[in-house]
Amino acid sequence: MYSLQPIRNKEDHKAALKEIERLFDATQGTPEFDQLEILVTLVEAYENKHEPILPPEPIAAILYYMESRGLTRHDLEVAIGSRARVAEILNRKRPLTLEMIRKLHHQLGIPAKTLIQPYSLAQ
């Protein structure tokens, strides 16, 4: 039987995940469901502290948004500029400008905090 406790290390984390899996189909309003909610909260807190998911770097985010929405390089011209400029950005030959970041954020919905991150350019 699992007893509720703080998650302090990987072993505690693994045990909590195993218990979440066991309780996954608990009926709302039952003690098992309450335990499930508490465990999920504890696991989320542990993972946010010890295993944070970092946002993708800007070019990877743009490429993902293009692919997931069926966009082409041509669709980016409104936000980035000419076809050549889009190619330079996506090929990492030129960095995004603040104006490009603003337009990509407003037109594609890519979080600005993702787009403003530093990233490496091609040599």
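Student: Hi! What radius of gyration does the protein chain have, and what would a compact globule of 123 residues have?
Tutor: Hello! This is a predicted model, and its protein chain has a radius of gyration of 22 Å. A compact globule of 123 residues would come out near 14 Å.

Student: OK, and what box do the C-alpha atoms fill?
Tutor: Along the principal axes, the box is roughly 65 × 30 × 20 Å.

Student: Which secondary structure elements are in the chain, and how many?
Tutor: The protein chain has seven helices and zero strands. Going along the sequence, the pattern reads α-α-α-α-α-α-α.

Student: What share of the residues is buried?
Tutor: Of the 123 residues, 28% count as buried. As for the accessible surface, the total is about 8,600 Å², and carbon and sulfur atoms account for 55% of that.

Student: Looking at contacts between residues at least 6 apart in sequence, what percentage joins residues at least 24 apart?
Tutor: That would be 56% of those contacts in the protein chain.

Student: Switching to charges: how many positive and negative side chains are there?
Tutor: You'll find 16 positive and 17 negative ones. The centres of the two sets lie 12 Å apart.

Student: Now for one residue. Where is L63?
Tutor: L63 sits in helix α3, which covers residues 58-69.

Student: And why does L63 count as partly exposed?
Tutor: Because its relative accessibility is 40%, and partly exposed covers the range between under 20% for buried and over 50% for exposed.

Student: How far is L63 from R73 in space?
Tutor: Their C-alpha atoms are 9.4 Å apart, with the two residues 10 apart in sequence.

Key:
Residues numbered from 1 in each chain as written. Predicted model: local features only at pLDDT ≥ 70, side-chain atom pairs only at ≥ 80, totals over all residues. Heavy atoms only, no water. Helix = DSSP H or I, 4+ residues; strand = E, 2+ residues; numbered from the N terminus. Rg over C-alpha atoms; globule rule 2.2 N^0.38 Å. Buried < 20%, exposed > 50% of the residue type's maximum accessible area, 1.4 Å probe, protein only. Contact = heavy atoms within 4.5 Å. Areas by Shrake-Rupley, 256 points an atom, 1.4 Å probe, with all protein chains shown as cover. Lys, Arg positive; Asp, Glu negative; His and termini not counted. Charge placed at Lys NZ, Arg CZ, Asp CG, Glu CD.
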